[in-house]
Amino acid sequence: MAAQPVVANPRIVVDVETGRVLDHEDAFRRWYPASLTKLMTAYTAFEAVRSGQMTMESLVTMSKRAAAQPASKMYYKPGQQMTLDSALKILLIKSANDVAVAIAESVGGSQEAFVDRMNQNARELGMSSTRFINPNGLPGKGQYTTARDLAVLTVAIKREFPEYAGFFSIEGFTTGKKNYPNYNLLIGRFDGADGMKTGFICASGFNQVSSATRNGRSVVSVVLGTESLGARADVSADLLQRALTTPSKGNLTLRTLQPYGADRDVVADISEEICNAKAGKVRSEGRDEAGRMKMNSPYIHEMTRQPNFVFAGLIPGSDAKPTKAGKGEIANVPIPIPRPTF
């Protein structure tokens, strides 16, 4: 069915250890995943390392196809290289679309083969209403997910790959020339925040998957379709705080939660509500005099220090000569008009 305009704010909160669903609303509404797609890109890369196919020091090479992706991006040139470790940090913090494709080609041999792996992983995890068509989340026909499925993926990452938890809690990275703070406004500002990913396109609004741990208990939240960076942080903080401070009740889990909601098989498109002049004016008024996003949740505090930046960037001496990156290579690809996917 074709995408239809809809007003909704899908959300879900889950206890990581038990899988118990603590709160949910429109959890089965199909949504464009935007850059939340990169959680599956990271999961698939982690699998490649676990299997021995890759290591964190394996080279990721920028192809012409990767370099031609719309922003958000690093603007690396074809032939330039980085380690998988650096590439994943850039992917998860900067949400770079060019690096996402470079990872896909380097791990999968081609973008298409890597996307097949992503979809296979989704099926095996039980993400019953998710389909990927690329590794970066740029919108297209046939790409969709749900809040429930994103919670399944996030819980799987935390359970299966605890050794890589640090990738999601980094406050920012530096290339040595420029610093890039994390788009996740809870990191360093919400007590116990330790991940996970943000995303935005007009069709899906401002989205956030969050994780927090206190006193040995971890919870994750998925918030889709909010109107601004600040709103997605506020809603996420409120949901996490409630989950971490309220005893969990009931036996409803991610596995036992049954699909519900009218038109849940229609992919929501809220472009008209999100990307119009009035909405843009409201968002601009949501910033302070220094241009910082205002947040209203009492559980988010100001970061009174500079973020801690780790290094992530190109290998010194990496040349800019084009090199092939498998079947995903496309010659003479025109660079599209940039679109934000942070």
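**Entry 1: strand 1 and its sheet**

I looked up strand 1 (residues 11–15) and found that five bridges join it to strand 9 (residues 217–226), the two running antiparallel. Strands here are DSSP runs of E with at least two residues, helices are runs of H or I with at least four, and both are numbered from the N terminus. Two strands count as paired if DSSP finds at least two bridges between them. Within this pair, Asp-15 has Val-219 of strand 9 as its bridge partner.

I noted that the model is predicted: local features need pLDDT of at least 70, side-chain atom pairs count only at pLDDT 80 or more, and totals for chains, interfaces and linings use all residues. Residues are numbered from 1 along each chain as its sequence is written, and side-chain values use heavy atoms, with hydrogens and water left out.

I counted a contact as heavy atoms within 4.5 Å.

**Entry 2: strands 7 and 8**

I found eight bridges between strand 7 and strand 8, which run antiparallel. A hairpin of three residues joins the two, and Ile-201 has Gly-205 in strand 8 as its bridge partner. Is strand 7 mostly covered or mostly open? It is mostly covered, with nine of its nine residues buried. Buried means under 20% relative accessible area, exposed over 50%, and partly exposed in between (1.4 Å probe, protein chains only).

In strand 8 I picked Gln-208. Gln-208 counts as buried because its relative accessibility is 1%. Leaving out residues up to four places away in sequence, its contacts include Leu-36, Lys-197, Val-222 and Arg-232.

**Entry 3: the disulfide**

I searched for disulfides (cysteine sulfur atoms within 2.5 Å) and the count came to one. Cys-202 and Cys-275 form it, with sulfur atoms 1.9 Å apart. The angle about the S-S bond is -90°, and the link is left-handed. Cys-202 is in the loop between strand 7 and strand 8 and Cys-275 in the loop between helix 8 (271–274) and helix 9 (277–285), so the pair ties together parts 73 residues apart in sequence. Cys-202 counts as partly exposed at 29% relative accessibility, and Cys-275 also counts as partly exposed, at 35%.

**Entry 4: cores and the whole chain**

I looked for nonpolar cores, meaning sets of buried Ala, Val, Leu, Ile, Met, Phe, Trp, Tyr and Cys residues joined through side-chain atoms within 4.5 Å. The largest has 92 residues, and Ile-12, Phe-46 and Leu-88 are among those with the most contacts inside it. Beyond its neighbours within four places in sequence, Leu-88 is in contact with Ala-42, Ala-45, Phe-46, Met-56, Ile-103 and Phe-167. A second, separate core of six residues includes Tyr-32, Ile-201, Ala-203 and Val-267.

Last, I noted the totals. The chain has nine helices and 10 strands. Of its 342 residues, 57% count as buried.
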